Amino acid sequence: MRGKKLLMGLGALMVCASMLFALFMGLRMEIVIALARMQLGKPYVFGAAGPDEFDCSGLTQYCYGKVGISMDHYAQNIGYDERYARVESVDALRRGDIVCFDTVSDKDLSDHVGIYLGGGRFLHASSSQGMVVVSSLEGFYLENFSWGRRFTMPAFSNGKS
């Protein structure tokens with residue numbers, strides 16, 4: 001009986017920890033979005049990672065890095081980074097997710113990245129517009145959407161492999 005109560009207590013503790021982590025991640029994503037919005041209008045420069053100019057992956061790397069989330073400065077590597085959950089559909093995106101697009105005719109499907117704001121909009125460093133902008137996830141971007149990436153809590157190990 002005592003062991004069962006201990007397990008129930010541990011289960012409740014795990015649920016509380018999961019809820020706190022979700023709240024913490026939500027706040028971190030809001031900070032990422034606020035940081036990204038502060039970059040609006042800054043020039044697009046291929047290979048730049050801020051703070052005065054950006055390319056798409058440099059912008060995401062800069063903003064997420066400010067909240068302790070590290071990532072590569074390369075859209076393909078960000079899109080294929082399996083440390084983070086893959087979001088398969090536009091309808092499943094949440095604020096703060098990274099959106100990945102297939103914008104170049106090559107083998108990989110992650111050539112451009114941005115930060116999802118919600119409401120069908122995302123923020124990105126646009127080479128065609130020459131600056132950091134907010135765009136709608138429709139038309140060209142909807143047609144070329146590959147997937148999203150979400151920063152989630154790592155799975156707890158149950159001690160089994």
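How many helices and strands does the secondary structure of the protein chain comprise?

**Figure 1. Overview of the predicted model.** The model shown here is predicted. Its protein chain contains four helices and six strands. Read from the N terminus, the elements follow the order α-α-α-β-β-β-β-β-α-β. The protein chain has 161 residues, of which 39% are buried. Among contacts with a separation of 6 or more, 55% involve residues 24 or more positions apart. The chain exposes about 9300 Å², and carbon and sulfur atoms supply 59% of that area.

**Figure 2. The largest nonpolar core.** This view presents a core of 26 residues, in which Y64, I98 and F151 touch the most other members. Two or more residues are given to the core by each of α1 (2–37), α2 (56–65), α3 (75–79), β2 (98–101), β3 (112–118) and β4 (121–126). Of these elements, α1 provides the largest share, namely five residues.

**Figure 3. The surroundings of Y64.** Which residues does Y64 touch, if those up to four places away in sequence are not counted? They are M29, V32, I69, M71, G96, D97, I98, I115 and F151.

**Figure 4. Helix α2.** Helix α2, which spans residues 56–65, is mostly covered, with seven of its ten residues buried. The buried residues are C56, S57, G58, L59, T60, C63 and Y64.

**Figure 5. The hairpin of β3 and β4.** Strands β3 and β4 run antiparallel and are joined by three bridges. They form a hairpin with two residues between them. In the turn, G119 has a positive phi of about 60°. G118 has R121, in β4, as its bridge partner. Strand β4 is mostly covered, since five of its six residues are buried.

Figure 6. How many bridges join β4 to strand β5? There are six, and the two strands run antiparallel. Strand β5 comprises residues 131–136. The bridge partner of S126 is M131, while that of R121 is S136.

**Figure 7. The largest cavity.** Rolling a probe the size of a water molecule over the atoms shows where empty space is left. In this model, one cavity of 30 Å³ or more is counted. The largest cavity holds about 40 Å³ of space. Which residues line the largest cavity? The lining consists of M71, I78, D81, Y84, I98, R149 and F151.

Terms used. Residues numbered from 1 in each chain as written. Predicted model: local features only at pLDDT ≥ 70, side-chain atom pairs only at ≥ 80, totals over all residues. Heavy atoms only, no water. Buried < 20%, exposed > 50% of the residue type's maximum accessible area, 1.4 Å probe, protein only. Contact = heavy atoms within 4.5 Å. Areas by Shrake-Rupley, 256 points an atom, 1.4 Å probe, with all protein chains shown as cover. Core = buried A, V, L, I, M, F, W, Y, C linked by side-chain atoms within 4.5 Å. Pairing = 2+ DSSP bridges. 1 Å grid on protein atoms, 1.4 Å probe; cavity = no way out; pocket = protein on both sides within 12 Å on 5 of 7 lines; lining within 4 Å. Points joined across faces, edges and corners; volume = space filled by probe spheres on them.
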